[in-house]
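Here is a friendly briefing to read alongside the model.

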Amino acid sequence: MRFVVSTTQLLKKLQMISGVISSNTVLPILEDFLFDIKDGKIKVFATDLETSMSTEIEAESKESGKIAIPAKILLDTLKTLPEQPLTFSFDEKNFGIEISSSTGKYKLAGENPEDFPKIPTAEDSSEVEIPSEILGRAITQTLFAVSNDELRPAMTGVYFQLQPDGMTFVSTDASKLVKYKRSDMVSKDPASFIVPKKALQLLKGSLPTEDTQVVVSYNSSNAFFNFSDTKLICRLVDAKYPDYNAVIPVDNDNLLTLNRIDFLNTLKRVSIFSNKTTYQCVLNISGTELKVSSQDLDFSNEAFERLNCTYDGDDLEIAFNARFLIEMLGVLETDEIKIELSSATRAGILVPGQVEEGEQLLMLVMPVMLNH
């Protein structure tokens, strides 16, 4: 069995799905790509049992067949070859593979394609279409706030809430929370599910730059993302998502408005002098001035900076973990941001100064105890 394929095209497609493959897997077959050759096209699959990806590549082939090829050795070889047609030949009995380039031959051992895990199919599923730009934006805005705590499985993914009045994407790690809503994207059938972090990282990296419709299908156990000639399938997190609306404070009478980049750069500098366990930065707000300060008593380090701001409310002193604020400000894109506050012991809410039509974005961050 043989097929001919372009080096560059093959490398580009394999790199896109190679992130699925785990380096410390228990099953050797999971370190392979499954090649399925049929009708002059190759479908390539990669999986770690939780997440699977597939893509299609044009090829010259008169035959049909399947082979599992070790991913690392194939990728390492393709990275060093210039653009040219590569001929793959393999024996369907002993799974030996020979790759021929214009200057040489490379032989390696493949594996039995029948041992490759079965990829889930979208049975009894509902589906909705989301433009790739909006889906990519939703992932970017929420992914950083996902928890890595395996003891709280519900928080290890992004919560998708599909409703007739809009789509909401939520992530939290109990210290920070992000709620991103699109009222211009609706779903006839209400549904909610939790998509794990790894799947969303892979999806974000493979979404096309040109605007494409992503067909999102889902059933009780899996979600399927289908776009261009690429598919991503992931097992959903089987847990109940916490009631996130209950933790969002509603009466925030103090409103602070300031330049995002100025505030971000100030926090980056001042936090260098903060305690490396808490990263505590104190915000002192009075009138039109914000004072940002930090100290590390163990090393006698301290710093403060003053910023101009617009503030409507009572004078307030509140402390936050600077790293959380830096993450949030790095993801926000507007020149101006608003921070809604109520007291030193209640969560602060960051919202962008301007949003697109049909878009709502809210970021919540818990305060840290002031230590005087």
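**A strand pair and its sheet**

Strands S10 (residues 157–163) and S11 (residues 166–172) pair in the antiparallel sense over five bridges. Strands are DSSP runs of E with at least two residues, helices are runs of H or I with at least four, and both are numbered from the N terminus; two strands pair if DSSP finds at least two bridges between them. This is a predicted model, in which local features need pLDDT of at least 70 and side-chain atom pairs count only at pLDDT 80 or more, while totals for chains, interfaces and linings use all residues. Residues are numbered from 1 along each chain as its sequence is written, and side-chain values use heavy atoms, leaving out hydrogens and water.

**Sheet**
- In S11, Val170 stands opposite Tyr159.
- The open sheet has nine strands, ordered S13-S10-S11-S12-S25-S24-S23-S17-S21, with antiparallel pairing.
- S13 (191–196) and S21 (310–312) are the edge strands, each with a single partner strand, so one side of each is left without a neighbour in the sheet.

**Helix on the sheet**
- Helix H4 (residues 197–206) packs on the sheet and touches S10 and S13 (contact means heavy atoms within 4.5 Å).
- The direction of H4 makes about 85° with that of S13; axes are lines fitted to C-alpha atoms, for helices over the stretch in contact, and angles run from 0 to 180 degrees between N-to-C directions.

**A loop residue**
- Leu49 is found in the loop between S3 (41–47) and S4 (51–58).
- Leu49 counts as partly exposed because its relative accessibility is 43% (buried is under 20% relative accessible area, exposed over 50%, partly exposed in between, with a 1.4 Å probe and protein chains only).
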